Amino acid sequence: MRILKVILILFPTIIFCQPNCNAFKDSICKKACEIAVNAEQYQGHKFSQMDFDEAIEMCPNLDYAYREKSVPYLKRGDFITWKKIIDKAVDVNPSDNLGYRGWCKYQFLRDYQGALTDLEALEKINKDNIGYSQNGDYHLKIVIALCYKSLGKKEKAINLIKEQLSVKDYTPQNYDYLHLGILYYETGNIKEAIKSLKKEITLNDYLAETYYYLALAYKKEKKTSLSKENLLKAKDFYNKGFSMKDNYTNPLDKIYLKQIENLLK
């Protein structure tokens with residue numbers, strides 16, 4: 001195994017829970033796990049990939065090594081190679097990897113049907129809680145709803161988001177009520193759209209998108225003054241950098257300054 005004195009990180013790291021290597025009873029797999037955990041620290045460097053290969057050769061069922069080895073290909077846009085490797089991780093340990101693969105299909109590939117297949121398969125395995133997206137922005141139940149929205153099944157998406165929001169002890173994430181409000185707007189339920197978007201502001205008043213869609217909703221109700229007021233707020237927030245963001249892709253329902261300016265005209 002190669003140990004670099006200076007660790008070169010070529011890519012921001014997608015964070016996973018590192019395995020507890022001491023949990024391996026097999027001493028060879030324990031050593032392989034330690035190699036993989038160390039290699040993850042300089043992910044993206046060629047020596048890191050070589051160390052993941054060494055760990056996999058030592059312990060072929062070490063899904064963590066497959067998953068971490070796949071990440072640089074995902075970030076480079078080599079989705080074919082990424083999928084070949086992450087599929088092996090899923091084969092070895094579907095419970096821990098279906099959610100990640102499904103999220104990546106949603107986030108990077110816009111493969112909504114493929115994401116649904118993975119996430120609904122995960123639901124059958126982990127019935128109580130299927131977890132959160134890799135970037136921490138979404139509960140995966142909400143991602144399922146957004147997949148249905150993107151496939152044209154907006155009423156189903158609304159019901160799924162409402163169902164998740166009604167789960168006991170569930171804490172709404174930053175975009176939950178925003179997406180729900182937009183769905184209501186897109187399906188013509190303007191009053192519920194306004195209600196949900198105001199709820200979003202109560203919980204997370206840092207998004208230009210919320211005010212933009214509120215402006216659209218008030219415009220539908222012919223409340224011109226309120227519509228303009230919210231558009232100006234949206235523009236102010238956008239210029240301050242308060243909008244939906246992701247390090248790698250453009251989130252669903254994200255808006256741009258040009259949209260606000262066009263509506264103001």
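Colleague: In what kind of crossing does H9 pass H11?

Modeller: In this predicted model, helix H9 passes H11 in a left-handed crossing.

Colleague: Why is H9 called roughly parallel to H11?

Modeller: Helix H9, residues 176–186, packs against H11 at an angle of about 25°, and their axes are 10 Å apart. Angles under 35 degrees count as roughly parallel, and therefore H9 is described as roughly parallel to H11.

Colleague: Which residues of H9 and H11 meet?

Modeller: Leu178, Ile182 and Tyr185 in H9 meet Glu209, Thr210, Tyr213, Leu216, Ala217 and Lys220 in H11. By class, the residues of this contact of H9 with H11 are six nonpolar, one polar and two charged.

Colleague: What makes H2 and H3 roughly antiparallel to each other?

Modeller: The axes of helix H2, residues 46–58, and helix H3, residues 63–76, cross at roughly 155° and come within 9 Å. Since angles over 145 degrees count as roughly antiparallel, H2 and H3 are therefore roughly antiparallel to each other. H2 passes H3 in a left-handed crossing.

Colleague: How do you know that Tyr138 has a place in the largest nonpolar core?

Modeller: That core has 81 residues, and Tyr138 is listed with Leu62, Tyr106, Val143 and Tyr212 as having the most contacts inside it. Helix H11, residues 208–220, gives the most to this core, with nine residues. Leaving aside neighbours within four places in sequence, Tyr138 is in contact with several residues, among them Trp103, Val143, Leu146 and Met244.

Technical notes:
Residues numbered from 1 in each chain as written. Predicted model: local features only at pLDDT ≥ 70, side-chain atom pairs only at ≥ 80, totals over all residues. Heavy atoms only, no water. Core = buried A, V, L, I, M, F, W, Y, C linked by side-chain atoms within 4.5 Å. Buried < 20%, exposed > 50% of the residue type's maximum accessible area, 1.4 Å probe, protein only. Helix = DSSP H or I, 4+ residues; strand = E, 2+ residues; numbered from the N terminus. Contact = heavy atoms within 4.5 Å. Axes fitted to C-alpha atoms, helices over the stretch in contact; angles between N-to-C directions. Parallel < 35°, antiparallel > 145°, perpendicular 65-115°, else oblique. Left-handed = near helix turned anticlockwise from the far one by under 90°. Nonpolar A, V, L, I, M, F, W, Y, C, P; charged D, E, K, R; others polar.
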